[in-house]
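Subject: Structure for your files, with notes

Hello,

Here is the structure I said I would pass on. Please look it over when you have time; my notes come after it.

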Amino acid sequence: HFSATRVVSGRNGDKNAITKNTILNNLENLYLDKIYKLGDKANSLDIKTLRKYVESNAKDLCLTDFCRYTDKRLSELKKINKTGTITPLTTCLQRVREFFGESVDFADISVKRLNDFVSYYQNKGYKKNSIASYLTYIRTMFNDAIDEYNTDIAHPVITNYPFRRFKIEREITANRNLAVKNIIRIRDAELPTYKMQCARDI
């Protein structure tokens with residue numbers, strides 16, 4: 001239940017009590033209307049996020065918490081059955097929550113924190129390319145949130161973008177592809193049995 005507390009009373013000689021209470025009533029109605037329009041979304045929000053939304057001038061809810069935003073994106077991907085992205089993004093979110101905690105605002109993911117993130121998982125024995133994959137999905141969520149929320153250039157919602165100064169490092173892996181000359185040799189080889197020929201052709 002949401003209700004504004006009316007503490008303005010005319011008994012103490014406040015001549016503006018009626019005006020102030022009118023403003024409080026209007027604020028309460030505005031807040032309740034915004035919460036009502038959220039529908040079921042309101043039930044999944046913590047009080048900090050809900051308060052930030054109702055007190056802002058935003059007409060639509062903007063999730064500036066990275067984890068909640070990524071959860072929302074995962075729900076959208078599941079609806080369209082984007083299985084190829086769901087698994088790695090889910091893993092990325094698990095790693096983010098392990099390091100940052102259950103909640104972290106986009107504004108709090110700085111270059112320093114990203115470097116700490118890398119060091120944390122390096123010390124736990126994760127390979128460089130695995131860490132690079134997590135960072136790539138973190139960057140993707142930043143880009144998605146900016147595209148979704150920063151429609152008003154004069155009043156951007158997401159103002160922090162650490163990837164302008166943070167470079168994602170990857171390890172160059174050995175090329176395991178066969179050389180063309182070896183493919184030709186396999187193609188032209190005289191094999192002793194029909195089964196081996198079929199296996200080669202497949």
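Predicted model: local features only at pLDDT ≥ 70, side-chain atom pairs only at ≥ 80, totals over all residues.

The protein has eight helices and zero strands, and read along the sequence the pattern is α-α-α-α-α-α-α-α. Of its 202 residues, 30% count as buried. Among contacts with a separation of 6 or more, 52% are between residues 24 or more positions apart.

Core

The largest nonpolar core has 36 residues. Those touching the most other members are Phe66, Val96, Phe117, Leu135 and Ile138. At least two residues of this core come from each of helix 3 (66–79), helix 4 (83–100), helix 5 (111–123) and helix 6 (128–149). Helix 6 gives the largest share, ten residues. In general, nonpolar side chains in soluble globular proteins tend to be buried together.

Which residues does phenylalanine 66 contact, once neighbours within four places in sequence are set aside? They are Leu93, Val96, Val104, Asp105, Phe106, Ile109, Ile138 and Met141.

Helix 4

The 18 residues of helix 4 should span 26 Å at 1.5 Å a residue, and the end C-alpha atoms are 26 Å apart, so the two values agree. The buried residues in helix 4 are Ile86, Leu89, Cys92, Leu93, Arg95, Val96, Phe99 and Phe100. Helix 3, helix 5 and helix 6 are included in what covers them. After helix 4 comes glycine 101, with a positive phi near 105°.

Helix 4 against helix 5

The axes of helix 4 and helix 5 come within 11 Å and cross at roughly 100°. Because angles of 65 to 115 degrees count as roughly perpendicular, helix 4 is roughly perpendicular to helix 5. On the helix 4 side, the residues that meet helix 5 are Arg95, Val96, Glu98, Phe99 and Phe100; their counterparts in helix 5 are Arg113, Asp116, Phe117, Tyr120 and Tyr121. By class, this contact has six nonpolar, no polar and four charged residues.

Helix 6

Helix 6 has 22 residues and reaches 32 Å from its first C-alpha to its last, close to the 32 Å expected at 1.5 Å a residue. Buried in helix 6 are Ile131, Ala132, Tyr134, Leu135, Thr136, Tyr137, Ile138, Met141, Phe142, Ala145 and Tyr149. These buried residues pack against helix 3, helix 4 and helix 5.

Regards

Technical notes:
Residues numbered from 1 in each chain as written. Heavy atoms only, no water. Core = buried A, V, L, I, M, F, W, Y, C linked by side-chain atoms within 4.5 Å. Buried < 20%, exposed > 50% of the residue type's maximum accessible area, 1.4 Å probe, protein only. Helix = DSSP H or I, 4+ residues; strand = E, 2+ residues; numbered from the N terminus. Contact = heavy atoms within 4.5 Å. Expected span 1.5 Å × (residues − 1). Axes fitted to C-alpha atoms, helices over the stretch in contact; angles between N-to-C directions. Parallel < 35°, antiparallel > 145°, perpendicular 65-115°, else oblique. Nonpolar A, V, L, I, M, F, W, Y, C, P; charged D, E, K, R; others polar.
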